[in-house]
Amino acid sequence: MVRPVRVLLVEDDEPVAESLRRGLLRYGFEVAWVTTGAAALSHAEPYDVVLLDLGLPDTDGLDVCKVLRERSEVPIIVISARSDETDRVVGLELGADDYVSKPFGVREVIARIRAVMRRMQPRTAAAEAGPDRYGDRLTIDRKAARVRLDGEEVALAPKEYDLLAFLTEEPGALMSREQIMEAVWDANWFGPTKTLDVHVAALRRKLAGVITIEAVRGVGFRLEIVKGDQDNGGGGTS
Ligand code: CA
């Protein structure tokens with residue numbers, strides 16, 4: 001079994017921290033929560049990712065970010081109520097890997113965590129894990145960014161692959177258009193989302209009978225893996 005991802009949460013705002021902590025626990029993460037920059041810097045336990053609030057009581061979160069980055073390669077996601085573009089840029093320049101603005105949903109944070117950890121993998125992990133399997137027919141090799149259907153590689157455009165990789169992180173989960181656009185296209189997407197529908201349609205076509213992507217009106221999409229069906233050679237779409 002894969003061990004849980006260990007998150008160091010640095011946040012002095014108790015309601016925000018508590019709801020984030022509960023949400024992360026619900027999704028199987030381990031969370032160590034500290035409320036000051038000093039506690040963050042002296043936290044000895046190993047952790048896989050840092051969620052770092054910028055507005056801390058004892059020190060500027062940007063300074064914490066800088067020190068953490070000097071010490072290690074651990075992914076740092078800045079969380080902040082400051083919507084100032086300067087903070088964002090400075091945070092990223094100081095070595096933060098990503099940035100989420102308050103208010104945010106726990107799913108958005110989880111998507112960011114998974115994304116930064118995926119980007120870390122080539123730097124750290126040995127190639128121990130094979131491709132991820134979905135049912136009997138579909139495999140996604142996240143290291144090589146390759147998708148196979150019945151052993152044959154499926155030709156996907158880069159964004160089709162990114163969309164599939166994102167939606168298959170949690171089959172059955174309803175993802176909002178905003179979450180998908182942010183995770184797959186751009187963290188600052190404000191434009192129309194028609195391009196999303198086009199990519200969903202392409203995935204439905206290329207992976208027909210293997211996955212379904214249900215449109216939930218006014219919200220977003222839900223991907224499901226079609227269960228293997230030995231009796232009649234696979235179900236059609238209904
Ligand atoms: Ca704060």
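Colleague: Which residues coordinate the calcium ion here?

Modeller: In this predicted model, the calcium ion is coordinated by Asp12 and Asp53 through OD atoms and by Gly55 through its O atom, at 2.2 to 2.3 Å.

Colleague: And how are those donor residues spaced in sequence?

Modeller: The spacing of the donor residues reads D-x40-D-x1-G. The two aspartates link distant parts of the chain, with Asp12 in the loop between strand S1 (6-10) and helix H1 (14-26), and Asp53 in strand S3 (residues 49-53), 41 residues apart.

Colleague: Is Asp53 buried or exposed, and why?

Modeller: Asp53 counts as buried because its relative accessible area is 4%, and the cut-off for buried is under 20%.

Colleague: What about Asp12, then?

Modeller: Asp12 has a relative accessibility of 33%, so that residue counts as partly exposed.

Colleague: Changing topic, what is the strand order in the open sheet of three strands?

Modeller: The order is S10-S12-S11, and the pairing is antiparallel. Strand S10 (174-176) and strand S11 (211-216) are the edge strands, each pairing on one side only. On average, neighbouring strands of this sheet are turned by 25° against each other, if direction is ignored.

Colleague: How many bridges join S11 to S12?

Modeller: Six bridges join S11 to strand S12 (residues 220-225), and these two strands run antiparallel. Among the residues involved is Ala215, whose bridge partner in S12 is Phe221.

Colleague: Which helix lies across S11 and S12?

Modeller: That is helix H8 (residues 194-206), which lies across both strands and runs at about 150° to S11.

Notes. Residues numbered from 1 in each chain as written. Predicted model: local features only at pLDDT ≥ 70, side-chain atom pairs only at ≥ 80, totals over all residues. Heavy atoms only, no water. Donors = N, O, S within 2.8 Å, 3.2 Å for Na, K, Ca; no water. Helix = DSSP H or I, 4+ residues; strand = E, 2+ residues; numbered from the N terminus. Buried < 20%, exposed > 50% of the residue type's maximum accessible area, 1.4 Å probe, protein only. Pairing = 2+ DSSP bridges. Axes fitted to C-alpha atoms, helices over the stretch in contact; angles between N-to-C directions. Contact = heavy atoms within 4.5 Å.
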